[in-house]
Amino acid sequence: MTDSARRAVADDLADLRGAIAWAEDLAVGAGISEDIRYNMQICLEEALANLVLHGRKTAEAKDIVLELTFAPPRATVTISDRCEAYDILKAATPPPPSLDDMHEGGQGLRLIRAFTVLLAYDSDDSHNTLTMGFGPPSVSGGGVA
Amino acid sequence: MDLVVEEMASGVTHAALTGRLDIEGAQKIDIPLNALVGVRRRMVMDLGGVTFMASMGLRTLMVAARALSANGGKLVLANPQPNVAKVLAESGIGDLIGTYPSLDDAVAAALSA
């Protein structure tokens, strides 16, 4: 059985915990395992924070919308927005962290790549869409799309 | 996110974090933690009570480790829950700072610097 739900996300860091808690509650109800839910929470925080902190809107508002689809044991998260496109699949891999390097940037990208089994990005004139799949690799059939 | 600090008999500072080390949690402890690492040398960050960690939490740990290192001190991490350990491992920051499953091992590592 597949369930799905949608929620708008405010362009405000204060809404992140609420959005992630909403996704967590639905994932628990859908029977998604704790490990997969944790991966989903991490990637939601990274992707949404990136839009709120760094996204440059191309319309009156960023119009961030979160959509969840559950087909246990898998979960799929789709985030759409109206910001300048940032194709996570084409972004350069950040250098390894160093105690001497003052730049910590890129860890979010590293975590998203590590904790998804499917990653896709699409952009047209009005919206960008990031799709992140979570699940056991053995049943995902996933990877970078 | 709560931070509780205790001076151990060994001279190591035990800093215990509890809660979610997400953006909101990191923002809450950044200032008190920065003040703490400015006046301490050897510190164990006990992550046993941390239920969630993402990149802003990693950044908080890196800033603290860097500040202590610059002053000739050392930060080590102790006792992370499995999902937090997974984030530390995937990012490479757990190995870079030094992560130990027990508090005793972490204290020994902090004293060895």
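Student: Before we look at anything, what counts as a helix here, and from which end are helices numbered?
Tutor: A helix is a DSSP run of H or I with at least four residues, a strand is a DSSP run of E with at least two, and both are numbered from the N terminus. Please also keep in mind that this is a predicted model.

Student: Okay, then where is Leu96(B) found?
Tutor: Leu96(B) belongs to helix 4 of chain B, which covers residues 93-97.

Student: Which residues is Leu96(B) in contact with, leaving aside its neighbours within four places?
Tutor: Once those neighbours are set aside, Leu96(B) contacts Pro97(A), Ser98(A) and Leu99(A) in chain A, and also Met62(B) in chain B.

Student: And is Leu96(B) buried or partly exposed?
Tutor: Leu96(B) has a relative accessible area of 30%, and is therefore partly exposed, because that class lies between the limit of under 20% for buried and over 50% for exposed.

Student: How many Å apart are Leu96(B) and Glu24(B) in space?
Tutor: From C-alpha to C-alpha, Leu96(B) and Glu24(B) are 24 Å apart, and in sequence they are separated by 72 residues.

Student: Zooming out, how many helices and strands are in chain B?
Tutor: Chain B holds five helices and five strands, and if you follow the chain from its N terminus, the order is β-β-α-β-α-β-α-α-β-α. The radius of gyration of this chain is 12 Å, close to the 13 Å from the globule rule for 113 residues, so chain B is as compact as a globular protein of that length.

Student: What box do the C-alpha atoms of chain B fill?
Tutor: Taken along the principal axes, the box is roughly 30 × 25 × 20 Å. Of the 113 residues in chain B, 50% are buried, and the accessible surface comes to about 4,600 Å², with 53% of it belonging to carbon and sulfur atoms.

Student: How many positive and negative side chains does chain B have?
Tutor: There are 9 positive and 11 negative side chains in chain B, and the centres of these two sets lie 7 Å apart.

Student: Switching to chain A, what does its secondary structure come to?
Tutor: Chain A has four helices and six strands, which follow the pattern β-α-α-β-β-α-β-β-α-β when read along the sequence. Chain A has 145 residues, of which 45% count as buried, and its accessible surface is about 7,200 Å², with 51% belonging to carbon and sulfur atoms.

Student: Can we pick one residue in chain A: which ones does Ala75(A) touch?
Tutor: Not counting residues up to four places away in sequence, Ala75(A) touches several residues, including Ile32(A), Met40(A), Phe70(A) and Phe134(A). Ala75(A) sits in strand 3 of chain A, and is buried, with a relative accessible area of 0%.

Student: What joins the side chains of Asn39(A) and Lys86(B)?
Tutor: Those two side chains are joined by a polar contact of 2.8 Å. Asn39(A) lies in helix 2 of chain A, residues 34-54, and with a relative accessible area of 12% this residue is buried, because buried means under 20%. Leaving aside neighbours within four places, Asn39(A) also contacts Phe115(A) and Phe134(A).

Student: What about Asn79(B), which is not a glycine: what is its phi?
Tutor: Asn79(B) has a positive phi of about 65 degrees, and you will find Asn79(B) in the loop between strand 4 and helix 3 of chain B. With a relative accessible area of 35%, Asn79(B) is partly exposed.

Notes
Residues are numbered from 1 along each chain as its sequence is written. Chains are lettered from A and ligands numbered from 1 in the order in which they are written. This is a predicted model: local features need pLDDT of at least 70, side-chain atom pairs count only at pLDDT 80 or more; totals for chains, interfaces and linings use all residues. Side-chain values use heavy atoms; hydrogens and water are left out. The radius of gyration is taken over C-alpha atoms; the globule rule is 2.2 Å times the number of residues to the power 0.38. Buried means under 20% relative accessible area, exposed over 50%, partly exposed in between (1.4 Å probe, protein chains only). Accessible areas come from the Shrake-Rupley method with a 1.4 Å probe; for residues, only the protein chains shown count as cover. Lys and Arg count as positive and Asp and Glu as negative; His and the chain ends are not counted. The place of a charge is taken as NZ of Lys, CZ of Arg, CG of Asp or CD of Glu. A polar contact is a pair of N or O atoms within 3.5 Å; within protein, one must be able to donate a hydrogen and the other to accept it, and residues adjacent in sequence count only if both atoms are side-chain atoms. Contact means heavy atoms within 4.5 Å.
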